[in-house]
Amino acid sequence: MNLTLKIWRQSNAQAKGKMVDYKVTEISEHMSFLEMMDVLNEQLINKGEEPVAFDHDCREGICGMCSMFINGEAHGPDRGVTTCQLHMRMFKDGDTIIIEPFRAKAFPVIKDLVVDRSSFDRIQHAGGYISVNTSGNTQDANSIPISKHAADEAMDAATCIGCGACVASCKNASAMLFVGAKVSQYALLPQGRIEAVDRVQNMVAQMDLEGFGNCTNTGACEVECPKGISLENIARMNREFLSANVKG
């Protein structure tokens, strides 16, 4: 395939960025999207030009780092995959592909397609943990009865990889699906009830402090989420938050 790429280039956080056109040729439909970007960067390096900066790590759809906004969609036109799992067979010969970073006030651009998502880390630090008894009387987790339904729902919430697609897809740049998933994975289990009140209050407060918007109820976050995190987690977070404030 021969393609035209329109890529956002921005040398640093303070610089004014712009879209730059590139041509790539002889791209195999079996390549992943990141492999196609590798081909482009190899061409740029050979010509003595600055390669395009983009984030990646495992390239196995687990780490959530490979966040790109492709043709107006977080992670591109496929569903249930991250950018590194997106393959070029989703495009056609002669296509023009627009590639941008995830855009949100809380995700400032570092360089080109790389954004700073440490705001998610700070939300996690605010309450995304459970108490651990280290007194020598630690209870075996296997001895705590948990229903299969609750365990399955908690595991579903825990599959969130924190890529930020929910934020990039939301017209208000809301992080409520991410926070809802992180609250839910603990709220559904008895081990997570100890800090339940403080957890949801602190994580929601930190989310607001980071500058994320409110939920739009349009559901774009669930559609674009590579792990299919359900909107039910936002509802659960709202219930936890209301209950915490009533108790407070």
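The second largest pocket of this predicted model holds about 190 Å³ of space. A pocket is here an open set of points on a 1 Å grid over the protein atoms alone, where a 1.4 Å probe fits, with protein on both sides within 12 Å along at least five of seven lines; the volume is the space filled by probe spheres set on the points, which are joined across faces, edges and corners. Of its 14 lining residues, R117, F120, D121, I161 and G162 are the closest to the centre, lining residues being those with an atom within 4 Å of a point. Two or more residues come from each of α2 (118-127) and α5 (176-187), and α2 gives the most, with four. Helices (H or I, at least four residues) and strands (E, at least two) are DSSP runs numbered from the N terminus.

Five strands form an open sheet of mixed pairing, in the order β2-β1-β5-β3-β4; strands pair if DSSP finds at least two bridges between them. At the edges, β2 (18-24) and β4 (73-74) each pair on one side only. Strands β3 (69-70) and β5 (96-100) are antiparallel over two bridges, and F69 has E100 of β5 as its bridge partner.

Helix α1 (33-46) lies across β1 (3-9), β2, β3 and β5, at about 90 degrees to β2. Axes are lines fitted to C-alpha atoms, for helices over the stretch in contact (heavy atoms within 4.5 Å), and angles run from 0 to 180 degrees between N-to-C directions.

Residues are numbered from 1 along each chain as its sequence is written. Local features need pLDDT of at least 70, side-chain atom pairs count only at pLDDT 80 or more, totals for chains, interfaces and linings use all residues, and side-chain values use heavy atoms, without hydrogens and water.
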